[in-house]
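Subject: Structure handover

Hello,

Here is the structure we spoke about. Please open it first and then read the notes below it.

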Amino acid sequence: MAGASTLTRGVFYPAAGIILLFVLLAVVATDATTAVMNTLQGEVIGAFGWYYVLLVAAFVIFAVWMGLSRFGDIVLGPDDAEPDFKLPVWFSMLFATGMGIGLVYYGVSEPLSHFVSPKPGVTGDDATLAQAAISQTYVHWGFHAWAIYVVAGLALAYAIHRKGRPVSIRWALEPLLGDRVKGAWGHVIDVVAIIGTVFGVATSLGLGVLQVAHGLGYLDVVEPSVGLEIGLIAVITAIAAMSVASGLSRGIKWLSNGNMVLAGVVLAVVLVLGPTLFLLRSWVQSFGYYFANVVQMTFDTLAFRGEAGLEWESSWTIFYWGWWMSWAPFVGVFIARISRGRTVREFVLGTLAVPMAVATIWFSVFGGAGLHQEMTQPGSMLDPVTGEVNTDTAMFQLFASLPGAGTWLAVAGIVLVVVFFVTSSDSGSFVVDMLANGGNPNPPLWSRLFWAVLQGLVAAALLLAGGLQALQTAAILIALPFSLVLIGMAVSIVRELSVEHRQIVRAERRAARERLTEHVTQEVATTLAGRWENVLPPAPGALRLRVPRRRESKGQPGAQPGAQPGGKPPGAAPPEGSGSAPGTGADGESGRGG
């Protein structure tokens, strides 16, 4: 029954306990927590940065292969299943949940940051730096991010919809672990997934709150402060709790659709009021530059750039790869849940290609407009105090530079972040609660509210423990254990699809043989029947072949119907030397003369 108690104690209590312990430490021992997180970040980046880069590159190759492979026609559900959501609704739900806050937060600031403080080794004039900045942003937000989601989402969608397993991470690893997913191993997997999801979503919520607070300060509504940020978390978490209580098909669906429409309107306004022709040309050119250099940028670890290269990697690429991997259980479960009835090919192309196209458009418009403003009026997009890019206010600075719409766009931007906050929080709470309830697709309301509040507490704790730096560190650290789960998911889905594909091929071959046998049988029967009708036409209404009386040949008086010389059955060829005249046909007329 919907909402009935299905709590998995071996998952719920360990995950909730670990997360609450972190919140307590961050509040009681803030400085010590910050120091530990910074130390761990340095150790992880130094030892495993290359591993993150290589793993994400492998996921991109894997996702492209799955979309183009022989597995593409397999349906994620029964063979006759229709998609639960229409394509536009499906796309808006997965995209708004996948990276909505991040697009708004980094849309202007990231290309500007790469332009003002280029990646080590990138040099040249302003045009060269601007082009490299946009392309590097494409790398962080394009195929690589969504390839990680493909790995998690595809394995889960197959297990849930094709094999009828509960909505839980552990069942995606069943082909690899067998019955062990039902016990302690399965509990560990789901606990890691829950912790990763809570910290990944909390990272996004923290970024969103930072931007909302500074947006309100930019509009002279209130002065930004940690207290304001904590208050915003409390208010928006309460809104998210109300949304999550309404369920997937109402609150999350309508908020996602409405916010995508608002995002499209803001995008169109910036495109029209900004340097439109420049932005369109920049998008086309940057797309080509990205594809021409994506392989080199994918595998670039800045190994020869010393400490500067390592610092840049940890602040940007490794942070993103960790962030996306920490989000993978959440986004994977969510997009798997809404993708019933899609084929493997539809799932991969929809999850990989369409968000990539939208992300490139978004960054070309917002990032391109910011770059154009900074290139034409140097310093106008920088913080007046530090002389650097202020990630929290860059979007509002861009809006202020557009004619006649700065305030309205700023308000719309704040609304975008808030609604993305809400959709991320409530859908994250919904997913975490399904994992904590053994995969129950309709978990109890009280536990959904519990996880929504806990995500807000983690976001507040991370802000107290160091702000943006702590948020980035949390994402990188949580991704390390879950990366092993992602590898297991990739191996599992290949095994499952390979087995099913072999079964499909065998069934198709068997069906082809049966069709061929039936066809040959019909052809032979038709041919023989035709020959019989030419030789021995059946009597009208007869149910069996009957041979008409033949004219008696000389020397064979009283020949019986249906018998031939020598007692041969009907249809047997007369032997040479028989009493029939050479060349005599069945109709008695002479053929070739003897």
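Start with tryptophan 324, which is buried because its relative accessible area is 1%; buried means under 20% relative accessible area, exposed over 50% and partly exposed in between, with a 1.4 Å probe and protein chains only. Before going further, note that the model is predicted, that local features need pLDDT of at least 70, that side-chain atom pairs count only at pLDDT 80 or more, and that totals for chains, interfaces and linings use all residues. Residues are numbered from 1 along each chain as its sequence is written, and side-chain values use heavy atoms, with hydrogens and water left out.

The aromatic residues

The structure holds 37 aromatic pairs. Here, rings of Phe, Tyr and Trp (its six-membered ring) pair if their centres lie within 6.5 Å; planes under 30 degrees apart are called stacked, over 60 edge-to-face, and the rest tilted. Tryptophan 324 pairs with tryptophan 141: the ring centres are 5.1 Å apart and the planes stand at 70 degrees, so this pair is edge-to-face. Tryptophan 141 is in helix H5 (residues 126–141) and tryptophan 324 in helix H13, so the pair ties together parts that are 183 residues apart in sequence. Helices (H or I, at least four residues) and strands (E, at least two) are DSSP runs numbered from the N terminus. Tryptophan 141 also counts as buried, because its relative accessibility is 1%. Both tryptophans belong to one aromatic cluster, whose members include Tyr105, Phe319, Trp323 and Phe363.

Helix H13 covers residues 317–337, 21 residues in total, and reaches 29 Å from its first C-alpha to its last. That is close to the expected 30 Å, where the expected span is 1.5 Å times one less than the number of residues. At alanine 328, H13 bends by about 50 degrees, and proline 329 follows within four residues. A bend at a residue is the angle between axes fitted to the seven residues ending there and the seven starting there. Of the 21 residues of H13, 20 are buried.

Helix H11 (residues 276–298) has a kink of about 50 degrees centred on alanine 292. Among the buried residues of H11 are Leu279, Tyr290 and Met297. In the loop between H11 and helix H12 (306–315) sits leucine 302, which has a positive phi of about 55 degrees although it is not a glycine. Leucine 302 is buried, because its relative accessible area is 6%.

Glutamine 211 lies in helix H8 (residues 184–218) and counts as buried, because its relative accessibility is 0%. A polar atom of its side chain lies 3.3 Å from the backbone oxygen of valine 104. A polar contact is a pair of N or O atoms within 3.5 Å; within protein, one must be able to donate a hydrogen and the other to accept it, and residues adjacent in sequence count only if both atoms are side-chain atoms. Not counting residues up to four places away in sequence, glutamine 211 touches Val104, Tyr105, Asp392, Met395, Phe396 and Val417, contact meaning heavy atoms within 4.5 Å.

Threonine 203 is also in H8, and is buried because its relative accessibility is 0%. The C-alpha atoms of threonine 203 and glutamine 472 are separated by 7.3 Å, although the two residues are 269 apart along the chain. Leaving aside neighbours within four places in sequence, threonine 203 is in contact with residues including Phe319 and Trp323.

Aspartate 220 is in the loop between H8 and helix H9 (226–246). Its phi is near 60 degrees, a positive value in a residue other than glycine. Is aspartate 220 buried or exposed? Aspartate 220 is exposed, because its relative accessible area is 71%.

The largest nonpolar core has 172 residues, and Trp451 and Met489 touch the most other members. Such a core is a set of buried Ala, Val, Leu, Ile, Met, Phe, Trp, Tyr and Cys residues joined through side-chain atoms within 4.5 Å. Alanine 15, in helix H1 (residues 9–28), is in contact with Trp451, as well as Val191 and Ile194, leaving aside neighbours within four places in sequence.

The protein chain holds 18 helices and zero strands. Of its 594 residues, 52% count as buried.

Regards
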